[in-house]
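These are my notebook entries on one structure. I wrote down what I looked up, entry by entry.

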Protein chains: 2
Amino acid sequence: VGFQIIYNKKLMAIKRRFDENLDELRGTLLQMGGLTEEMIVFAVKILVQRDESFVDKVRAHENRVNDLHVEIDDRCLRLIELHQPVARDLRLIATALKINADIERIGDQATSIARTSTHLCRMPRIELGNIPRMVEVARAMVKDSLDAFARQDVKLARSVIACDDEQDRLNRGTFKELLRLMQTDASVIERAMEIILISRNLERIADHASNIAEDVVFLVLGKDIRHHAEDRSSTQALPQQAGR
Amino acid sequence: VGFQIIYNKKLMAIKRRFDENLDELRGTLLQMGGLTEEMIVFAVKILVQRDESFVDKVRAHENRVNDLHVEIDDRCLRLIELHQPVARDLRLIATALKINADIERIGDQATSIARTSTHLCRMPRIELGNIPRMVEVARAMVKDSLDAFARQDVKLARSVIACDDEQDRLNRGTFKELLRLMQTDASVIERAMEIILISRNLERIADHASNIAEDVVFLVLGKDIRHHAEDRSSTQALPQQAGR
């Protein structure tokens, strides 16, 4: 009986350690997500406030995000090795691995925005289309998708997936508006194209947040909604009408 | 002694089964990669041959890729649960999970090319810039990165990573060439912008192939090169000169 009690206590301590490790993992993912949110804001400040000093801030955050990306991957594998989780615990760690990759790519997109903005802010101002609104949507989607992961909140995750359609609509709107502008004034062509590229970056950030949200739904419900159009608010089929 | 022999035989049978499962997993990833290679080719045929019948082929492949994406994720998790692999075996499965996500996104990019091409092929022809060359580079990179994974070939993986610079250069060249074209002839603006978007899709496919190659290097050498510029052929730092 004495041995049994010691054994059970040991098992409970191991389980508790595992849960603590998972909490730390979640915390680090949220921290990394917060950094990429700030990167988006900094990158757009280069464009809107025409302040190149934010380039260094984006770069510093990028380095931290990249370090966390490597560290989180490593931690996930060590957790699997050490605790040999099954079922939902394993799915949680596999989800963390995927979310980690998505957050890192959100950072890449923000870096790309910073690069284009640096070029743009040295030229005369130009119409920004839906960019300010798209920044807000992208930030909120990144934040909400990670909160949905932390709280395993399917409802919040589904609302993130629904927002992806709005971002696509805003992106198409920017494209059309700037196309019209270019056709009437050739002097804005280069700048307008850069804005279109930034609009695309923001749309891709929304895609990554949407991927994270889909992973959360899968994690909680154990149901893969990623490729089932009927479960999504948007269809992934090729539309007859071209859109981008 | 008899028990020991039976036990050892059983362990060997389990190990053999695990290796067979890994081989199947590798085979399925290669199959999925082959489908996305074809998707790229089909999508560009819509543009170059102005043949919209390839849209259905892209769509059919996309559905198969999406099914395989879900199936491979599932298989990876079941392999971990069943065999509780550690060290390199675990890293191999984690790598398969990541490569799976990259291949699926390569398919997404090809679908995006198909969509833009469908729109473009209904309008008068326009200069394609480096697009044909970029298609070749993208296809070769996808193929080689997956071969590098299958054969655990670090040299081949490194050559894929090196190609990413060429693709970036071609993408920037397309951007500049079409920018010039638009500035001299306003009637091509819409079409030129679509070509630039396709050029970007092809550049992103190269990025995904490069990610796969980096994962292969990490798998084989156990060294994370993803965020160490000195180990890459290209630096990830923000250049002073704008590029996209």
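**Entry 1: Thr95(A)**

I began with Thr95(A) and listed its contacts (heavy atoms within 4.5 Å). Leaving aside neighbours within four places in sequence, Thr95(A) is in contact with Phe149(A), Asp215(A) and Leu219(A). Thr95(A) is found in helix α3 of chain A. Helices here are DSSP runs of H or I with at least four residues, strands are runs of E with at least two, and both are numbered from the N terminus. Thr95(A) has a relative accessible area of 4% and is buried. I used these classes: buried is under 20% relative accessible area, exposed is over 50%, and partly exposed is in between, with a 1.4 Å probe and protein chains only.

**Entry 2: what I am reading**

The model is predicted, so I noted that local features need pLDDT of at least 70 and side-chain atom pairs count only at pLDDT 80 or more, while totals for chains, interfaces and linings use all residues. Residues are numbered from 1 along each chain as its sequence is written, chains are lettered from A and ligands numbered from 1 in the order in which they are written, and side-chain values use heavy atoms, with hydrogens and water left out.

**Entry 3: chain A as a whole**

I counted 6 helices and 0 strands in chain A. The C-alpha atoms of chain A fill a box of roughly 85 × 45 × 20 Å along the principal axes. Chain A has 244 residues, and buried ones make up 55% of them. I also looked at contacts in chain A between residues at least 6 apart in sequence: 81% of these join residues at least 24 apart.

**Entry 4: α2(A) against α3(A)**

Two packed helices are described by the angle between their axes and the distance between the axes. The axes are lines fitted to C-alpha atoms, for helices over the stretch in contact, and angles run from 0 to 180 degrees between N-to-C directions. For α2(A) and α3(A) I found an angle of about 165° and axes 10 Å apart. The two helices are therefore roughly antiparallel to each other. The cut-offs are under 35 degrees for roughly parallel, over 145 for roughly antiparallel, 65 to 115 for roughly perpendicular, and oblique for the rest.

The crossing of α2(A) and α3(A) is left-handed. That word applies if the near helix is turned anticlockwise from the far one by less than a right angle, and right-handed applies if clockwise. Residues of α2(A) that meet α3(A) include Val65(A), Leu68(A) and Ile72(A). Among their counterparts in α3(A) are Leu97(A) and Asn100(A). By class, this contact of α2(A) with α3(A) has 14 nonpolar, 5 polar and 4 charged residues. Ala, Val, Leu, Ile, Met, Phe, Trp, Tyr, Cys and Pro count as nonpolar, Asp, Glu, Lys and Arg as charged, and the others, Gly among them, as polar.

**Entry 5: Leu68(A)**

I then looked up Leu68(A), which lies in helix α2 (residues 54-83) of chain A. Leu68(A) counts as buried, at 10% relative accessibility. Not counting residues up to four places away in sequence, Leu68(A) touches Thr28(A), Gln31(A), Met32(A), Leu35(A) and Asn100(A). Between Leu68(A) and Gln31(A) there are 9.1 Å, C-alpha to C-alpha, and the two are 37 residues apart in sequence.

**Entry 6: how the two chains relate**

Two copies of a chain are related by a rotation about an axis and a shift along it. Chain B is superposed on chain A by a rotation of 180° with 0.0 Å of shift along its axis, at an RMSD of 0.0 Å. That is the relation of a two-fold axis. In chain B, Gln84(B) comes closest to the rotation axis, with its C-alpha at 3.0 Å. I noted that 98% of the interface residues of chain B are also interface residues in chain A, so the copies meet through the same surface.

**Entry 7: α3(A) against α2(B)**

On the α3(A) side I listed Ala87(A), Leu90(A), Arg91(A), Ala94(A) and Lys98(A), and on the α2(B) side Asp73(B), Leu77(B), Ile80(B) and Glu81(B). The residues of this contact divide into 5 nonpolar, no polar and 4 charged.

How values were computed:
Least-squares fit on C-alpha atoms with pLDDT ≥ 70 in both.
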